[in-house]
Amino acid sequence: MKDILQYTLRIADTSLILAQRLSEWCSKGPTLEEDIALSNISLDLFGQANGLLEYAAKIDQSKSADDFAFKRDERNFYNLQICEQENGHFGDTMVRQFLCDTYFMLFYQQLSSSKDENLAAIANKSIKEVAYHLRHSKNWLIRLGDGTKESNLKVQKSLDKVWKFTGEFFEMDELDHLMLDEKIGVNNTLLKKEWDNIVNQVLSDAKISRPKDSYMMTGSKRGLHTELLGKMLAEMQYLPRAYPNAKW
Amino acid sequence: MQSGSIKTIWELLNNVPDPEIPVISVVELGVIRDVRLINNEFIISVTPTYSGCPAVKTFQDDIHTELITNKITNFKIEVVYKPAWTTDWMNASTKAKLKKYGISPPEKIAQCPQCNSKSIELISEFGATACKALYKCSDCLEPFEHFKCI
Ligand SMILES: [Zn+2]
């Protein structure tokens, strides 16, 4: 069960940290509609993370879902590093979101046939939401890329900057192999082909070019992160850590 | 104290309004998946509309209050994710209530709830809540919300 717990935390943390990042847009969106859109997407991701952390709390009964979210340190978070990257400008956020949404959709499609009923059910529910998010981020990427010269240049830069974090989507470590053997987990390597197809098509529609694969960041499966995560957690966990028994 | 039958529980649940669209009940919304009686305890299975729907917690509290007020204490609310909630669980009379309330019900093609025009314009795919998108009618010019089909 310890393996399933760890596997669940990886998926949960990826949603949780991206949700937290997106929530920073709340009240700062470029238009009212986008402000609401980003907040809604953030809420969906928080909800998915919550479902997964509730499941984690069922496996490890000494902890609650909130304990997992608020009482772990940086080295015990396993979210993909792309999720903790800063929002930057709206184009930066949309590029990051598009790359993640495409991955989420493919990942959850596979996870929905997991032998673990809880993971399968959450995945199945998440697919519907993620497909909607993907449509939104994809449309924005095309609109910005195929927009003005400046917007095209900006999202091209956004893509170039974040590209080195996309390698983690497809990594397989020992735990991934174990989960795959038990028909619980996903073969991340196999997601790459379809991810490439979708991404290449959209980048071409957006008239931006795909960066060359060079050095790829890695480490989140072992709790290694960029320096940005620590700062995020300090803010996210401040209240429950300062007032341990606070109720709301 | 324990009392009531499964039928009574369903009737009481049907009094609990959706926190965000009070003209329909949580039963009509389709989020109550099952009520069973196990060892003298009613197990009420609820499912979220969207994973992040903030109303999920609210309607659980509202169900709790409704049952306690009616002197039913032997119950437990559990959250289930499977099968995932779908707007297909809303029947025609529920959809008619939504329309009367000014929300375009979950049909493949949105329609102005005021003048029934199909000449409409999408303003935002994300409305005030995750379950709705924002449109504007090109005929009567009224903005309106459309309950998304999922
Ligand atoms: Zn109209």
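Colleague: How much space lies in the largest pocket?
Modeller: This is a predicted model, in which local features need pLDDT of at least 70 and side-chain atom pairs count only at pLDDT 80 or more, while totals for chains, interfaces and linings use all residues. Residues are numbered from 1 along each chain as its sequence is written, chains are lettered from A and ligands numbered from 1 in the order written, and side-chain values use heavy atoms, without hydrogens or water. A pocket is an open set of points on a 1 Å grid over the protein atoms alone where a 1.4 Å probe fits, with protein on both sides within 12 Å along at least five of seven lines, and lining residues have an atom within 4 Å of a point. With volume taken as the space filled by probe spheres set on points joined across faces, edges and corners, the largest pocket holds about 1,500 Å³.

Colleague: Which element gives the most to the lining of the largest pocket?
Modeller: The lining has 44 residues, with A:Asn50, A:Gly51, A:Glu54, A:Ala65 and A:Asp66 nearest the centre of the pocket. Elements are DSSP runs numbered from the N terminus, helices being H or I of at least four residues and strands E of at least two. Chain A supplies at least two residues from each of H1, H2, H3 and H6, as chain B does from H3 and S3. The greatest contribution, 10 residues, comes from H2(A).

Colleague: What is the volume of the second largest pocket, and which element gives the most to its lining?
Modeller: The second largest pocket has a volume of about 290 Å³. Among its 15 lining residues, A:Glu34, A:His136, A:Trp140, A:Arg143 and B:Ile123 are closest to the centre. H2 and H6 of chain A and strand S5 (120-124) of chain B each give two or more residues, and the most, five residues, come from H6(A).
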